[in-house]
Amino acid sequence: MIEKPIPYGRQHITAEDIEAVISTLQSDYLTQGPKIKEFEEAFASYVGARYAVAVNNATAGLHLAAKAFGVKPGDKVIVTPMTFAASANCIRYCGGEVVFCDVDQDTYLMDIEKLKALLAASPKGTYKGIVPVDFAGYPVDLEAFRAVADEYGLWILEDACHAPGGYFIDSKGKKQYCGSGLAEASVFSFHPVKHIATGEGGMVTTNRKDVYDSLCLYRTHGITKDPGRLEENHGGWYYEMQELGFNYRITDFQAALGISQLRRADAGLDRRQQIARTYNEAFAPISGIRTPYVAENIYHAYHLYIIQVADRLGLYNYLHENKIYAQVHYVPLHLMPYYRQLGNKKGDLPVVEAYYEHCLSLPMYPTLTDEEQQYVIEKVIEFVTRR
Ligand SMILES: *Cc1c(COP(=O)(O)O)cnc(C)c1O
């Protein structure tokens with residue numbers, strides 16, 4: 001037996017991280033200080049984007065992006081059903097209508113062929129945008145999606161919460177990092193189960209100055225003090241609330257933690273890759289386990305390591321009995337009572353529904369030890385090959 005339970009994901013906090021937070025707590029700023037800008041600049045350069053806007057969580061970031069794109073009641077937006085609820089909810093916050101597009105059977109990402117079919121079935125202008133997700137850490141081929149979006153005049157909101165540091169090699173042989181600007185905006189989460197942890201926190205990246213300006217405005221109540229943007233100016237104290245915005249700011253001590261965590265991001269990715277290789281090798285000879293598909297041109301960020309097995313409920317229960325807290329990602333979003341009530345139903349999206357019947361996320365995080373991983377492998381194989 002193992003000493004302590006093994007979760008599917010967890011944060012890694014070092015003495016350096018703690019030091020960074022403490023020194024910010026002792027500084028002049030707890031919020032709206034210099035650490036936020038520093039974190040934004042470091043993150044933008046990490047993913048290769050021109051601008052980054054730090055926010056209090058990724059859900060807020062998705063909402064800000066939807067506001068920046070001008071989503072309004074009745075606007076139709078196409079979203080993948082294999083994601084966390086926030087990817088679609090941000091459209092609903094603005095009164096938009098969510099239309100789900102089924103996933104690819106290998107990658108579980110939004111299926112571009114089904115997307116094209118959906119778009120071709122309605123007059124141009126019916127849809128305003130798409131929300132693809134780099135599900136599990138598998139980067140969306142945004143070169144291909146960009147071409148489709150441009151043909152139909154759509155914006156792309158990339159939910160990159162699973163994939164900081166992930167990239168694909170495009171048709172010209174160039175690395176295209178998640179969040180590097182092929183989408184109008186990309187959103188990252190710093191929730192503790194994600195790659196970089198700040199408690200709560202998120203980041204929106206973009207290459208578009210107009211989108212960046214809107215994100216900044218909506219992040220702080222719709223208020224600006226920028227002399228170049230004011231309609232009037234009564235003196236040094238003067239500011240204007242120009243839009244109905246929100247308070248979606250992050251604190252300086254969270255940004256300090258984020259900066260410190262970001263320095264280890266690549267090491268964390270290396271370790272995730274290594275853990276995936278070990279799982280892949282161990283499960284390759286076992287016919288009852290389907291391991292993740294990864295195309296040649298993909299650098300997978302492995303937020304999740306997902307297998308498929310015939311008796312998923314049985315394996316889930318067996319692992320939990322053995323203190324391995326495997327998890328299911330996700331119940332398809334169109335089957336949630338809230339989205340059913342809006343007209344979606346079982347049978348609408350057969351590929352994602354079949355995937356959901358068999359998927360299980362095994363422990364995947366940089367501090368998972370080799371011994372712990374071997375224990376997980378042993379228990380999975382024990383269950384799958386039992387008779
Ligand atoms: C975690 C997650 C979110 C939400 O992130 P928060 O920071 O918790 O708001 C959104 N989308 C996806 C795909 C996620 O995994």
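This is a predicted model: local features need pLDDT of at least 70, side-chain atom pairs count only at pLDDT 80 or more; totals for chains, interfaces and linings use all residues.
Leaving aside its neighbours within four places in sequence, with which residues is Lys194 in contact?

View 1. Setting aside the neighbours within four places in sequence, Lys194 is in contact with Cys161, His162, Ser189, Arg272 and His303. The residue sits in the loop between strand E9 (185–189) and strand E10 (202–206), and an unreviewed UniProt entry carries the annotation "modified residue: N6-(pyridoxal phosphate)lysine" at Lys194. Lys194 counts as buried because its relative accessible area is 15%, which falls under the 20% cut-off.

**View 2. The second largest pocket, with Lys194 among the residues nearest its centre.** This pocket has a volume of about 310 Å³ and is lined by 22 residues, of which Thr59, Phe84, Ser189, His191 and Lys194 lie nearest the centre. Ser189, which is also a contact of Lys194, is therefore shown here together with Lys194, whose burial was given above as a relative accessible area of 15%. Helix H3 (58–68) and helix H4 (86–93) each supply at least two residues of the lining, and the largest share, three residues, comes from H3. By residue type, the lining of the second largest pocket divides into nine nonpolar, 10 polar and three charged residues.**View 3. The largest pocket and the elements that line it.** The volume of the largest pocket is about 560 Å³. Of the 19 residues in its lining, Cys216, Leu217, Arg219, Thr220 and Ile223 are the closest to the centre of the pocket. Helix H2 (34–47), helix H7 (209–219) and strand E11 (223–224) are the elements that give two or more residues to this lining, and H7 provides the largest share, with five residues. The lining of the largest pocket is made up of seven nonpolar, four polar and eight charged residues.

**View 3. Strand E9 and the strands joined to it.** On one side of the strand lie Ala185, Val187 and Ser189, and on the other Ser186 and Phe188, and the residues of both faces are all buried. In a regular strand the side chains alternate between the two faces of the sheet. E9 is accordingly described as mostly covered, with five of its five residues buried. Strand E6 (residues 155–159) runs parallel to E9 and is joined to it by three bridges, and within this pairing the bridge partner of Asp159 is Val187 in E9. E10, by contrast, runs antiparallel to E9, with four bridges joining the two strands, and Phe188 stands opposite Met203 in E10.

**View 4. An open sheet of three strands, in the order E8-E7-E13.** The pairing in this sheet is antiparallel, and the edge strands are strand E8 (175–177) and strand E13 (298–299), each of which pairs on one side only. Strand E7 (residues 167–169) pairs with E8 in the antiparallel sense over three bridges, and the bridge partner of Tyr167 in E8 is Tyr177.

Technical notes
Residues are numbered from 1 along each chain as its sequence is written. Side-chain values use heavy atoms; hydrogens and water are left out. UniProt positions are given in the numbering used here, feature names are shortened, and annotations may be inferred rather than shown by experiment. Buried means under 20% relative accessible area, exposed over 50%, partly exposed in between (1.4 Å probe, protein chains only). Contact means heavy atoms within 4.5 Å. On a 1 Å grid over the protein atoms alone, a cavity is a set of points where a 1.4 Å probe fits but cannot get out, and a pocket is an open set with protein on both sides within 12 Å along at least five of seven lines; lining residues have an atom within 4 Å of a point. Grid points are joined across faces, edges and corners, and a volume is the space filled by probe spheres set on the points. Ala, Val, Leu, Ile, Met, Phe, Trp, Tyr, Cys and Pro count as nonpolar, Asp, Glu, Lys and Arg as charged, and the others, Gly among them, as polar. Two strands pair if DSSP finds at least two bridges between them.
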